[in-house]
Amino acid sequence: MRQLAVVILAAGESTRMKSSVPKVLHPLAGRPMVWYSVEMATRLSVDRPLLVVGREADAVRRTLGEAVVYVEQTERLGTGHAVLQARPLLAGRSRAVLVCYADMPLLTSDTLARLVDLQQRSGAAIAMLTLLADDPMGFGRVVRETDGRVQAIVEEAVATPEQLAIRELNAGVYCFAADWLWSRLPDLSVSPKGEYYLTDLVAMAVAEGHRVEALVSEDAEELLGINNRVHLARAEAIMRRRINEQWMLAGVTLVDPAATYIEATVELGADTVIYPNTYLQGMTTVGAECEIGPNTLVRDSQIGERCVIRASVVEEARVEDGVDIGPFSHLRKGAHLGPGVHMGNFGEVKNSYLGPGTKMGHFSYVGDATIGAEVNIGAGTITCNFDGQHKHRTVIEDGAFIGSDAMLVAPVRVGAGARIGAGAVVTRDVPPGSLAYGVPARVKSQ
Ligand code: UD1
Ligand code: CA
């Protein structure tokens with residue numbers, strides 16, 4: 001028999017989010033909220049966690065795939081009813097069952113491990129996490145006997161004024177003795193609000209003379225439950241601070257951490273400096289000794305070492321070592337800049353490779369092109385890649401010199417070392433080493 005099974009509840013209606021997106025799929029630091037609970041669960045138990053899903057099951061499935069075992073709660077009849085849906089799969093399978101809610105992404109595995117440990121050491125029917133806080137945040141209140149023993153959890157909706165004044169709150173994480181849970185759960189009675197509250201198990205255990213233990217925390221940040229978008233923004237700020245501190249301790253300089261937005265999926269190299277108002281998102285990696293920002297967005301891109309990116313947008317691109325970009329440039333999907341490329345202001349590159357040492361300093365568009373090493377792309381150069389129906393490629397070979405304001409009408413090839421005069425409209429291939437100029441461009445006879 002297994003030591004521990006984990007059940008995560010995610011079948012709520014999310015009414016308070018006022019959203020067409022299920023609450024647990026709202027992103028937090030670039031990952032869906034529920035991802036954090038799943039990640040935590042996989043650290044605690046060798047088995048895949050059970051995720052109780054409701055009406056939005058399909059969307060959750062598309063996001064999490066095979067990471068969890070899904071159980072559907074077809075009617076939303078409360079947290080107790082939600083856990084009951086897991087009973088056929090889990091009864092008799094483990095010694096303990098950890099239940100948590102998918103709207104608490106800031107929980108750490110350390111706290112959960114301590115809760116599991118408390119249940120196992122004490123043999124309690126229930127070990128639960130409680131929080132001492134002045135702001136009740138709509139949480140259930142923990143009622144204790146005069147001798148301090150936990151007596152019950154009372155939901156805010158049904159609490160008396162005296163109970164509402166209680167400062168000890170139910171965090172919403174429980175470790176149950178599995179046999180007790182699975183035998184007693186079906187006997188929960190329905191609340192005045194028509195729901196089966198998981199929290200009523202506490203009074204039930206006490207009435208039967210079982211032990212209920214509480215692990216008391218004062219860390220309201222870690223135990224934040226996200227019910228609306230105010231909570232979501234608060235959680236985002238906390239997560240951002242955690243991520244930023246982790247990177248600063250790993251050797252990255254954040255000039256102003258409060259204005260630096262690094263998603264949980266991003267990797268950074270040591271001695272890189274991030275200037276304010278910079279967004280690093282998705283599957284982005286940045287190498288060592290780079291300078292990124294201010295005012296920069298990098299998404300799903302790989303940046304090498306010693307790169308400088310100022311006031312620019314880089315999306316689904318690859319940038320090798322020693323490249324400098326910006327201010328005000330845009331790398332789009334499939335842009336690949338080789339080592340030492342200089343891409344100055346107001347440049348756009350899409351689905352193109354620029355070879356080592358190539359320079360495009362001013363106001364250029366390069367799309368669907370393959371450009372060799374040490375090419376000079378003059379100010380205002382445009383690869384005319386679209387004829388209204390199809391995209392065509394431009395090839396510029398090593399060492400070519402493209403004069404200012406040249407139009408390269410694709411498909412077209414400029415040979416190695418060739419020169420294109422300023423303002424030329426190039427409609428035919430230009431042989432290596434030659435000079436082409438004019439509209440339409442003619443190759444100067446040698
Ligand atoms: C719950 C607790 C409350 C605690 C608070 C902490 C109960 C009855 N109340 O209240 O004591 O202080 O969390 O954050 O448990 N869910 C289902 N199916 C349902 C209902 C809910 O899967 O039928 C899921 C939701 O998706 C959510 C979680 O259970 O992830 C908690 O539900 P929610 O409605 O957010 O409960 P709270 O009112 O926050
Ligand atoms: Ca909640």
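Salt bridges come to 27 in this predicted model, each being a side-chain nitrogen of Lys or Arg within 4 Å of a carboxyl oxygen of Asp or Glu. The model is predicted, so local features need pLDDT of at least 70 and side-chain atom pairs count only at pLDDT 80 or more, while totals for chains, interfaces and linings use all residues. Side-chain values use heavy atoms, without hydrogens and water, and residues are numbered from 1 along each chain as its sequence is written.

| Salt bridge | N to O distance |
|---|---|
| Arg2 and Asp47 | 3.0 Å |
| Glu315 and Arg299 | 3.2 Å |
| Lys350 and Asp368 | 3.1 Å |

Take Arg2 and Asp47: Arg2 sits in strand β1 (residues 2-10), and Asp47, 45 residues apart from it, is in the loop between α1 (33-44) and β4 (50-53). Helices (H or I, at least four residues) and strands (E, at least two) are DSSP runs, numbered from the N terminus. Arg2 is partly exposed at 41% relative accessible area, and Asp47 is partly exposed at 28%. Buried means under 20% relative accessible area, exposed over 50%, and partly exposed in between (1.4 Å probe, protein chains only).

What about Lys350 and Asp368, buried or exposed? Both Lys350 and Asp368 are buried. Lys350 belongs to strand β28 (residues 348-350) and Asp368 to the loop between β31 (365-367) and β32 (369-371), so their bridge ties together parts 18 residues apart in sequence.

Finally, Glu315 in strand β22 (residues 313-315) pairs with Arg299 in strand β19 (residues 296-299), 16 residues apart. Arg299 is partly exposed at 24%. Shared partners join Arg299, Asp300, Glu315 and Glu316 into one salt-bridge network.

Key:
Chains are lettered from A and ligands numbered from 1 in the order in which they are written.
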